[in-house]
Amino acid sequence: MKRINLALQGGGAHGAFTWGVLCRLLQEEDIEIAAISGTSAGALNAAALKSGWVAGGRDGALDNLDWLWGKIGAITDPMFLPWIDATASSVDLWAKAMKYSPAYHAFEMTTRMMSPYVYGPAMRNPLEDIVTRFHYDAVCATQGPDLHICATNVRSGKIRVFTGDEIIPEVIMASACLPSLFQAVEFEDPETGEVEAFWDGGYTGNPALYPLFASDLPDDIVIVNINPLYREDLPIDTQSIQNRVNEISFNSSLLRELRAIDFVKRLLADGAIKRGTMKDVLVHMIADDDLMNVLNVATKTIPTPVILARLKAAGETATDKFLHDHKDKLGKDSTINLSDMFS
């Protein structure tokens, strides 16, 4: 049995890519998911997998993930899948049409010019109806993968990682709370006993890797990356510039932690620190930057069945390739070269 930890990024509707990754990994009977750190869409995917797993094992996790994305906007009915497959090849046209549509421009202008506090309680996060329906006795259960959910404390600017019984609906809502769209999520933090306000965890940990360094967890961390690290084209319109700023911001905390892992690995390799004093983390990544470069901020913000289906299929394909190329290296070696990444 190969045991792994998962680090699931946030990225709005693009989290459907992670849906595909998880569905493919759950089909591998000899891979056990020991722990998951998730932010925003990654937190939703993580909670759906955990609660489904506790209730019904791998099949339960698969069913719960399908339920989650069906609620978000995906079409999972087999009768309609051929139509979805037939249109998925035109995903770049769908993305451009959404980006330049008058309706999206009006939506974007409104969110830029008006605070979500202007609307009072009327500006309600549509994810609330989904999040409150998770079975939290299962989400917080000791069996199944350990679960870590990341949010950003608005006042302190620090990351807050919730785990175990700390995970309540407000925590997952907070992890996915974009401040330009929704009011901060406020609740009593069990760590401080104070009512704290939280925003999207992507600003401080997308996702946090350090909870996965625990000694009882496996060395392997598989990062599911949905915010492209590299874009060839220079963004020149306001939407593209804002989207790239968002991607850089949401990748910055991840890159800092990866740089720290690289530093520790070099110290261990050089004998500067004794093996066993610090964990020699094995890092892997599943991504599809080519597809994410075609998509944009509109496809991230507004879920549509065609885009969600394309993302899920891409996640499954990318995981197939990862397993074909690297499954035998799990538990033995990293499959991304961190030194090259930072050179």
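Figure 1. The protein has 13 helices and 8 strands. This is a predicted model. Of its 343 residues, 52% are buried. The exposed surface comes to about 15700 Å². Carbon and sulfur atoms supply 56% of that area. Take the contacts between residues at least 6 apart in sequence: 78% of them join residues at least 24 apart.

Figure 2. Strand 1 covers residues 2-8. Strand 1 pairs with strand 2 in the parallel sense, over 7 bridges. K2 stands opposite I31 of strand 2. Between the two strands the chain passes through helix 1, and this β-α-β crossover is right-handed. Strand 2 also pairs with strand 3 (residues 146-153), again in the parallel sense, here over 5 bridges. The bridge partner of A35 in strand 3 is D146. Strand 2 (residues 31-39) is mostly covered, with 8 of its 9 residues buried. In a regular strand, side chains alternate between the two faces of the sheet.

Figure 3. Helix 1 spans residues 16-26. All of helix 1 is buried, 11 residues of 11, so the rest of the structure largely encloses this helix. The buried set includes the nonpolar F17, W19, V21 and L22. T18 and R24 are buried too.

**Figure 4. The largest nonpolar core.** This core holds 67 residues. L6, F17, F134 and I167 touch the most other members. Helix 2 (residues 41-72) gives the most to the core, with 12 residues. Around I167, the contacts beyond four places in sequence are Y136, V139, C140, L147, I149, F162 and I172. In soluble globular proteins, nonpolar side chains tend to be buried together.

**Figure 5. G57 in helix 2.** G57 is part of helix 2. Is G57 buried or partly exposed? G57 has 23% relative accessibility, so G57 counts as partly exposed; the buried class requires under 20%. G144 is 87 residues away from G57 in sequence. In space, the two C-alpha atoms are 8.6 Å apart.

**Figure 6. V91 in helix 4.** V91 belongs to helix 4, which runs over residues 91-99. With 7% relative accessibility, V91 counts as buried, because the limit for that class is under 20%. Which residues does V91 touch, not counting those up to four places away in sequence? They are L291, L295, I307 and R310. V294 is 203 residues from V91 in sequence. The C-alpha atoms of V91 and V294 are 8.2 Å apart.

**Figure 7. T204 and its contacts.** T204 sits in the loop between strand 6 (195-200) and strand 7 (220-224). The side chains of T204 and T152 are joined by a polar contact of 2.8 Å. Beyond four places in sequence, T204 touches A151, T152, G157, K158, I159 and S253.

Key. Residues numbered from 1 in each chain as written. Predicted model: local features only at pLDDT ≥ 70, side-chain atom pairs only at ≥ 80, totals over all residues. Heavy atoms only, no water. Core = buried A, V, L, I, M, F, W, Y, C linked by side-chain atoms within 4.5 Å. Buried < 20%, exposed > 50% of the residue type's maximum accessible area, 1.4 Å probe, protein only. Helix = DSSP H or I, 4+ residues; strand = E, 2+ residues; numbered from the N terminus. Contact = heavy atoms within 4.5 Å. Areas by Shrake-Rupley, 256 points an atom, 1.4 Å probe, with all protein chains shown as cover. Pairing = 2+ DSSP bridges. Right-handed = clockwise from strand over helix to strand, strands pointing away. Polar contact = N/O pair within 3.5 Å; in protein donor to acceptor, adjacent residues only side chain to side chain.
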